[in-house]
Amino acid sequence: MNEASKSSGALRSETSEPQSVASQSNENGSADGVPERSLEDMLSHIRALEALSDDWPAEQANAANARALAIEELNAEAFKRLIRSLKTVPGMGQALREAATDEVVYAVLRSHGILKPSVHERVEAALDTIRPSLADHGGDVEVVLVEPPGVQVRFLGACDNCPASALTFYSGVKKAIQDHVPEITEVKQVKGLGGASTAGTGDDETVYYASPFAQYTSDGWLHALDLAELADGQTKIIDIDGHSVLLSRFGDKVTCFENACAHMGMAMDGGEIADGIITCPYHEFKYALESGECLTAPEVQLQPHLVRVKGDKIDVRLVE
Ligand code: FES
């Protein structure tokens with residue numbers, strides 16, 4: 001309670017005796033003689049104060065919360081009026097945008113709903129919708145670069161190096177970003193940091209090509225080959241429902257990618273296949289057949305399809 005009283009005292013002194021901007025800041029943007037505090041430092045302080053009320057009786061805690069809310073509403077209204085007024089001054093719009101690049105100014109204006117979320121925040125919010133699914137598989141994704149209309153992301157943990165990462169990227173990450181942030185039209189996956197690999201989940205009879213976004217429904221699976229027809233380490237190009245696909249076996253795992261080079265979309269029939277790598281016969285782009293990763297241009301990759309090995313049958317579910 002004492003801390004709360006101190007806060008209100010500070011608020012009253014600022015509102016009753018406004019100081020000029022020049023008197024509050026020096027050239028370095030810090031208060032006179034007082035080092036600037038970081039946003040995290042100030043937020044930690046607020047969290048510590050909030051924690052004080054954890055053990056208070058409900059009536060007291062509610063009153064403190066209501067008071068804090070009322071002060072926030074007062075501040076929000078003041079900021080709105082201030083900005084509305086300043087915007088009428090020539091050149092002030094740009095000055096306000098520059099001021100909002102300060103982390104504290106930005107955080108406060110955002111918390112009051114005065115600033116809209118940045119593209120970066122919206123991309124993060126989009127990824128938050130799929131992070132629980134990734135976490136279930138021991139993985140995560142982080143944003144590397146946001147430069148509209150492009151975004152670069154990187155897989156972390158188990159998603160990095162997972163044979164299903166291409167599927168997770170297309171059906172999870174890319175879709176989530178483009179659904180939530182339509183102005184982003186290019187989503188690229190950059191190399192991860194080398195997380196653990198977790199491939200399949202399954203039992204003696206069934207091996208699923210695991211991705212959080214593989215929908216394990218009973219519908220849509222098409223028989224591709226018998227497992228015995230695809231030797232360990234072998235790759236076959238076959239047609240499934242009008243799609244030419246690359247079917248490759250790595251032990252008990254089978255991968256399937258559209259037979260279309262990510263460079264110009266050409267079918268790679270006749271391309272050299274060695275050590276799990278196919279080389280496109282046209283301009284020699286190389287792809288790892290276990291992950292679909294392009295070794296020539298890491299920002300692109302082969303389009304994956306779902307695969308399951310059920311008993312001695314290899315089934316494919318086409319991803320359009
Ligand atoms: S089409 Fe495959 S490398 Fe150009």
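Predicted model: local features only at pLDDT ≥ 70, side-chain atom pairs only at ≥ 80, totals over all residues.
Which residues of helix H7 are buried? In this helix, which runs over residues 119-128, they are Val 123, Ala 126 and Leu 127. They share the same side of H7 because they cover an arc of only 95 degrees around the axis.

Now let us turn to the strands. Strand E14 (residues 313-317) has two faces: Ile 314 and Val 316 make up the covered one, while Lys 313, Asp 315 and Arg 317 belong to the uncovered one.

| Strand pair | Sense | Bridges |
|---|---|---|
| E6 (residues 222-226) and E14 | antiparallel | 4 bridges |
| E13 (residues 304-310) and E14 | antiparallel | 5 bridges |
| E11 (residues 277-279) and E12 | antiparallel | 3 bridges |

On the covered face of E14, Ile 314 stands opposite Val 309. On the uncovered face, Asp 315 has His 223 opposite it. The hairpin of E13 and E14 has 2 residues between the strands, and Gly 311 takes a positive phi near 60 degrees there.

Finally, E10, E11 and E12 form an open sheet of 3 strands in that order, with antiparallel pairing. Strand E10 (273-274) and strand E12 (286-288) are the edge strands, each pairing on one side only. Within this sheet, Ile 277 stands opposite Ala 288 in E12.

How values were computed:
Residues numbered from 1 in each chain as written. Buried ≥ 20, exposed ≤ 12 C-beta atoms within 10 Å, placed from the backbone. Arc of directions from axis to C-beta. Pairing = 2+ DSSP bridges.
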